[in-house]
Amino acid sequence: MNDRANDRTSSRLRQRLPFTLSDAGILIWIAAIGLFLSLASPQFFAKANFVNILSQSAVIGILSVGMTLVIISGNDGIDLSVGSIVGISSVTMALVLFPDDAAGIVGAADLLLAAGIALAVGALCGVINGIMIAYVGLPPFIATLAMMTAARGVAAFVSSGRPTYGLPPAIVFLGQGRLFGIPFPVVIMVMLALAVFVVLRVTTFGMRIYAIGGNIRTAFLSGIQVKKIQLAIYTLNGLIAGIAAIVLSGRVNQAHPEAGMTYEMYTIGAVVIGGTSLMGGKGGVIGSVFGAILMAEVQNGINLLDIPVAFMRPILGILIITAVVIDQWQKRRNSGD
Amino acid sequence: MVKKGILIVMMVLLFCGTLAAAAQEEKSSDVPEVAVVVKTLTGDVFQLKLAESARDRAIELGANAVIYQAGGQTAVQKMVSIIEDLIVKQVDIILISPLDAKAVVPAFKQAKEAGITIVCMDNYAEGDDYLTFVSTDNYAAAAMAADYAKEVLNGSGNVLVVEGAPGSAVGDDRKNGFKENVVKGSSIEVVGSQSGYWANDKAMEATENMLQANPDVDLIFSCSDVMVGGILEAVKLAGRENEIKIISFDGSRDGVQLILDGKIIADVAQFPTKVGAIAAETAIGVWNGSLNANDVPDFIDAGAELVTAENAEEMLKVAF
């Protein structure tokens, strides 16, 4: 009885705090690895290096915001197609910018049109995912696996397999520019994460996402239009992948049909490391962004220390397993076993 | 209605199949049937040039030649079934760029037993069921880049290497060819060597981090033109364009153009068209008896050339 009351207070408290306890856990991880790297490499603890790490985490961080919604909504929710959506949005944008295959001067109207179409293509892929999952009833794994293959194929087709180098300065600014010394991709990541954080915590839409992830039958019986919400989530995730595509293209200053290859894996990794449960109904975007930063920090450390890169992926694998084990351990403790 | 549609599609497919079979029967035995098998033609100009040059050279030499593509950088199983189909079709020669050194071995064995001559291009396979392997000698070619780096740096300085994907034999040969030779007889030090995973975004991250770790860098060697765009962005963002020279590998049109633009100082050019042509000539030579199979070496180097500002204009015309 007392326990339950405690639980209620702590969950009420948790709702008032800007982030949850597991987010604090991940901050400790980031600090601990940072401390180790500071001791191991004299170049680690420098403003320029922190800027590097944040820039390098931004694209995965942006993607992880959308992926968090998908995974919280549960019912095997996953989106394997985000990397391919980045690719297809990136090359479609280049196609609109340079229809004649020659990079030239681009007007402001063309620029807005190109960015808008990149977002629209991302959202369209998301709509198709959503329809296949919510209305046709395909498992998310299958529906988005098909989209992953199809979108990559279309990206190769529309670009004739060739990357476009040298994008307009405005797009490059979105990827490389700074605002008060902060890289613009990081600004976008933070703003997006805060916006979605508010949506999840304050709006009924956000609460319904948790409700569906917690128990889809109960959610349905309590009058939530489950299919519409699912469609909205996957559409939003596609749109966010479109944002990531613009940022990545600007950062690398090119549109590439293979842009975003394997990013879905890093994104899912960031979400899981960030404490969102793959079972759904639980988690948040702030943790996912920290997860992306942690992964960029590890990559940065490996590059700084010149460790053979073959170790990179195993280390990330260990991080993901550790995150899941901690998640399950906490769950067992909370349920009182 | 839907069933009817499926039926029509099946009948059309069947009809095409019959046509193809009829075409097969018409082949005469005094002209070799050559199959060129590559990974994919979309998104890979190198493979495209390789396949086209092999086919065109074979046709020039009087053969019938057709290109087959597995349809992806990792479509290993599709490639194996293409070989199996070619055995059934009784082609005489297979010129192939294997996707996987191991997976194709059983199919190669079957093909050899069926009397088919196989030549590997660009990527090799295990076993000894094929005639020869034609490719760029990646180690030697990267050593050319190393020699040029020593010349440019006057024998001393700090260099970084952006490697290919871990586990890639081609990438390892280039990396080792450069690293082992650049330090030979010089006081040059390789201060960082990290993977760019054959991708611009990953190459950019690795370069940013290595530049952070090394305040003093004179030259960067990129194991492929497909990564040099990301490296250039990283160097530019770090504001170190004037102090760092870049050498790349591949000799693609994009790479050679970067030399003309003054963004990189050199690029090691490979010749996919030579690889394809040599493969076709060798296989057809053995088929018609003008070459003795025992005289053909296990490996034929298609050569490489260092492109610098001096010959970039010339090389742009032949670059792939």
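**Notebook: A:Phe197 and the fold of chain B**

I looked up A:Phe197 and found it partly exposed, because 19 other C-beta atoms lie within 10 Å. The classes I used are buried for 20 or more other C-beta atoms within 10 Å of a residue's own, exposed for 12 or fewer, and partly exposed in between, with C-beta atoms placed from the backbone.

This is a predicted model, in which local features need pLDDT of at least 70, side-chain atom pairs count only at pLDDT 80 or more, and totals for chains, interfaces and linings use all residues. Residues are numbered from 1 along each chain as its sequence is written, while chains are lettered from A and ligands numbered from 1 in the order in which they are written.

I placed A:Phe197 in helix H8 of chain A, residues 184–202. Helices (H or I, at least four residues) and strands (E, at least two) are DSSP runs, numbered from the N terminus. Leaving out residues up to four places away in sequence, I found A:Phe197 touching A:Gly284, A:Val285 and A:Ile286; contact here requires C-beta atoms, placed from the backbone, within 7 Å. I also checked A:Lys282, which is 85 residues from A:Phe197 in sequence and 13 Å away in space, C-alpha to C-alpha.

I then turned to chain B, where I noted 11 helices and 12 strands. Chain B has 320 residues, of which 52% count as buried. Taking its contacts between residues at least 6 apart in sequence, I noted that 73% join residues at least 24 apart.

I traced an open, mixed sheet of six strands in chain B, ordered S7-S6-S8-S9-S10-S12. Strands S7 (187–195) and S12 (304–308) of chain B are at the edges with a single partner strand each, so one side of each has no neighbour in the sheet. Pairing requires at least two DSSP bridges between two strands. Neighbouring strands of this sheet are turned by 20 degrees against each other on average, direction ignored.

I followed strand S10 (residues 266–270) of chain B to S12(B): five bridges join them, and they run antiparallel. B:Ala266 has B:Thr308 in S12(B) as its bridge partner.

Next I checked the helices on this sheet. Helix H6 (residues 169–182) of chain B lies across S6, S7, S8 and S9 of chain B, at about 175 degrees to S6(B). Helix H8 (residues 225–237) of chain B lies across S6, S8, S9 and S10 of chain B, at about 160 degrees to S9(B). Axes are lines fitted to C-alpha atoms, for helices over the stretch in contact, and angles run from 0 to 180 degrees between N-to-C directions.

Last, I read the domain assignment of chain B: domain 1 is 29–135 + 272–289 and domain 2 is 138–270 + 307–318. Such bounds come from an automatic or database domain assignment. The centres of domain 1 and domain 2 of chain B, taken over C-alpha atoms, are 31 Å apart.

Note on methods
Contact = placed C-beta atoms within 7 Å.
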